[in-house]
Amino acid sequence: MQEKPGQPAEVYARLGEQYPDAQCELDFTTPFELLVATVLSAQSTDRRVNLVTKELFATYPDASSLAAADREDVERIIGPVGFFRNKSTSLIGLSRKIVDDFDGAVPATLEELVTLPGVGRKTANVVLGDGFGVPGITPDTHLIRVTNRLGWVESSKPDVVEREVGKLFDPSVWVLLNHRIIWHGRRCCHARRPACGACVLADLCPSYGEGETDPGKAEALLREPRS
């Protein structure tokens with residue numbers, strides 16, 4: 001890893017100590033379930049997605065069953081996550097394509113995954129990393145925000161962030177790096193009121209002071225897991 005403002009290697013180490021259990025917070029048991037849950041997570045919370053996927057996966061456990069699903073039933077189940085009409089279209093569409101083009105199995109390459117309805121590079125990298133163990137940088141809103149504040153990147157464009165952050169770390173740590181930074185973004189480095197005074201990266205961060213610096217007040221801003 002090469003060093004630059006924000007000391008990537010030290011950031012990675014400290015976040016590992018702060019969040020030793022950092023992992024994907026979507027509930028899944030197969031790559032297909034992870035794919036579906038990730039599509040549902042757009043503009044929703046993992047907590048809410050996990051509430052609806054329990055019934056969804058029990059009813060439609062694989063691509064074949066979801067491809068043949070009744071749209072209104074899918075919409076009813078996933079309604080709480082928002083944008084349920086568009087998401088039901090994507091879920092049924094991607095399931096049909098998996099059945100028709102990939103023999104019912106979720107493809108394990110970026111190039112193939114992004115051909116599925118509703119699946120972009122971000123979703124594909126989540127599925128590759130946590131479903132298949134294939135390294136990838138997942139530039140979600142938390143990772144984009146935190147890496148910009150750390151001075152690693154100066155862009156909000158996902159493709160730029162993916163490329164530039166990837167240059168700083170060996171691919172072998174990309175998946176865990178994603179989880180550590182995303183956990184930090186959800187729990188401490190919030191979009192509107194980052195808890196700077198309670199941040200383990202305070203002395204490394206060039207953006208220190210954008211949020212609450214008083215330790216006591218900052219501590220009160222920290223959020224619980226699964227938020």
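Modeller: Val52 is found in helix α3, residues 46-59. Helices here are DSSP runs of H or I with at least four residues, strands are runs of E with at least two, and both are numbered from the N terminus. This is a predicted model: local features need pLDDT of at least 70, side-chain atom pairs count only at pLDDT 80 or more, and totals for chains, interfaces and linings use all residues. Residues are numbered from 1 along each chain as its sequence is written, and side-chain values use heavy atoms, with hydrogens and water left out.

Val52 has 5% relative accessibility, so it counts as buried. Buried means under 20% relative accessible area, exposed over 50%, and partly exposed in between, with a 1.4 Å probe and protein chains only. Setting aside neighbours within four places in sequence, Val52 is in contact with Leu40, Ile77, Ile78, Pro80 and Val81. Contact means heavy atoms within 4.5 Å. Val81 is 29 residues from Val52 along the chain, and their C-alpha atoms are separated by 7.8 Å.

A salt bridge is a side-chain nitrogen of Lys or Arg within 4 Å of a carboxyl oxygen of Asp or Glu. Asp46 and Arg186 are both buried.

Arg186 has another partner. Glu25 forms a salt bridge with Arg186, with the closest N and O atoms 2.6 Å apart. Here the loop between α1 (8-18) and α2 (31-40) supplies Glu25, helix α11 (residues 174-187) supplies Arg186, and the two are 161 residues apart. Glu25 is buried, as is Arg186. Glu25, Asp46, Arg186 and Arg187 are linked in a network of salt bridges.

Now the wider setting. The structure holds 12 salt bridges. Another of them joins Glu162 and Arg121, at 2.6 Å from N to O. Glu162 lies in helix α10 (residues 158-168) and Arg121 in helix α8 (residues 121-132), 41 residues apart. Glu162 counts as buried because its relative accessibility is 13%. Arg121 is partly exposed, at 42% relative accessible area.

Of its 227 residues, 50% count as buried. Among contacts between residues at least 6 apart in sequence, 59% join residues at least 24 apart.
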